[in-house]
Amino acid sequence: MDFNLKTTASGLKTKADVFVLPAHETPTLPSIVDEIDKSLNGQIKKRQKSKRLRLKNAQINGFIATDKASWGDVILAGCTKGSSQRDWIAFAKAVFAALKQVKASSVVIDVTQVESTLSEALLLQLLTKTFVETSYQYDTTLSDKKEKLALKKVHLIVSSNNSANKKAVELGQSMGVGANLAKQLGNLPGNICTPSFLAKEAQGLAKTYQKLSTEVLTETQLKKLKMGSLLSVTEGTTEPAKVIVMKYKGDKASQKPVVLVGKGVTFDSGGISLKPGARMDEMKFDMCGAASVFGTMKAVAELDLKVNLIGVVGAVENMPAGNATKPGDVVTSLSGTTTGVLNTDAEGRLVLCDLLTYVERFKPKAVVDIATLTGACVVALGHHTSAVYSNDDDFKMALKKAGDAVYDRAWPMPLWDEYDEQLKSEFADMGNIGGPDGGSVTAACFLSRFTKSYTWAHLDIAGSAWQKKKASGRPVSLLTQYVIDQL
Ligand code: BES
Ligand code: MN
Ligand code: ZN
């Protein structure tokens, strides 16, 4: 899909299959539409008068234009006046669906007709991102492949073809492409998307982008490093664990990197603390944190941003077996502390804590870990928002702000000592669970014990990363926006 910015004069003359006019309750129609309306026997005006043009947001009303116009169909698409990103995204989705239905290969969308307090740049960014994201469909493991999208050219009429608007389109496209990569990795089944598969994917990114390099650490190397906590999770599986390090060098070596750390449990059976059978298939999504790291690396590399960004992924499968880690076992982390594994299903934190110690070597400007960490987070916040924790309130709010800007929201949560105390253990420095109460918070407190030496945040995306058995591609947009905010 190609996006082009046009001014009104040239946009109205551009030949395309469909012309989309965002319509408010009483749309003021551009004069060219008045012209078409004549050839439509005044249908548009008539509907406008009889208030039938008072379209609800995202409601579609179509006309067939005549050969007098540059377009085949004219679509009036209901568009609320205002500032709601949610309404605007719903509008974009409805327009996209209508274009798909008529199999349009080209379209002109008149963004100047939108009355919103959102900037034109933001409207463009959200629209492009929504179009790119909505064009994603999963069919990798289906015999019946989905029909290829006909839409190739999207012409956007804007009030000014300035650099802010151009940049916004690029941003939207790259975030969309990044989010789609995250969705695809998340949706792939656990027998395909294994730790080795993720390692290959990372090597593929390094081949595609000159500024990106990938290093894969094998179990032998992880043992040498003494990542005892991470390795305890992989005992019961035959799939070799991998730690994947992706480095994007867009700035001088002297500039400290932002580091992203992703939970990449490619399937979480719970281990010996086996999960119940119902909906266990959803635990293929337990690598969505890792997927968002891949997606963000891709988006940042696409944008060729002048930043240094490192992505670290702990790719492991959590399975029960005769040699699997057992409840009560005590493991020693890379940092030297001991953890009592009271529940082998609280494995994400065991993987992440070693990575969080490992990344100290990069002298990071800031570290964000991203993980489908707790069912408790889904109970607390549902699928609509990520939870954000941090040892630095400004950092926490910066991430929230980045998420708000691109409608990929995160909600701030506490890291108080009262919660941390729930991790006390009789037989180790800490237990890996904090009891039944406040599960998302105690998991974050566990991680915070390994992040004292740098600015750190944790995103629990157990709910936001997927919904109704589909990966959402979140929080790629939030993370990419945060990186952009650093420029
Ligand atoms: N991967 C799960 C968390 C999860 C649950 C993600 C539902 C997405 C949807 C995690 O490894 C886990 O099993 N956590 C346990 C922790 C408990 C044993 C303290 C949980 O949430 O039940
Ligand atoms: Mn688990
Ligand atoms: Zn898990």
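Me: Which element gives the most to the lining of the second largest pocket?
Reply: H12, with four residues. Helices (DSSP H or I, at least four residues) and strands (E, at least two) are numbered from the N terminus. This is a predicted model: local features need pLDDT of at least 70, side-chain atom pairs pLDDT 80 or more, while totals for chains, interfaces and linings use all residues. Residues are numbered from 1 along each chain, chains are lettered from A and ligands numbered from 1 as written, and side-chain values use heavy atoms without hydrogens or water.

Me: What makes H12 (375-381) an element of that lining?
Reply: H12 supplies at least two residues, as do S9 (258-268), H11 (348-358) and H15 (439-448). A lining residue has an atom within 4 Å of a pocket point; the points, on a 1 Å grid, fit a 1.4 Å probe and form an open set with protein on both sides within 12 Å along at least five of seven lines.

Me: How many residues line the largest pocket, and which lie nearest its centre?
Reply: It has 33 lining residues, with Lys93, Glu133, Lys183, Gln467 and Ser472 nearest the centre. H4 gives the most, five residues.

Me: Why is the largest pocket said to lie between domain 1 and domain 2?
Reply: Because domain 1 (2-160) and domain 2 (181-485) both give residues to its lining. The bounds come from an automatic or database assignment.

Me: How many residues of the largest pocket's lining are charged?
Reply: The count is 13, beside twelve polar and eight nonpolar. Asp, Glu, Lys and Arg count as charged; Ala, Val, Leu, Ile, Met, Phe, Trp, Tyr, Cys and Pro as nonpolar; the others as polar.
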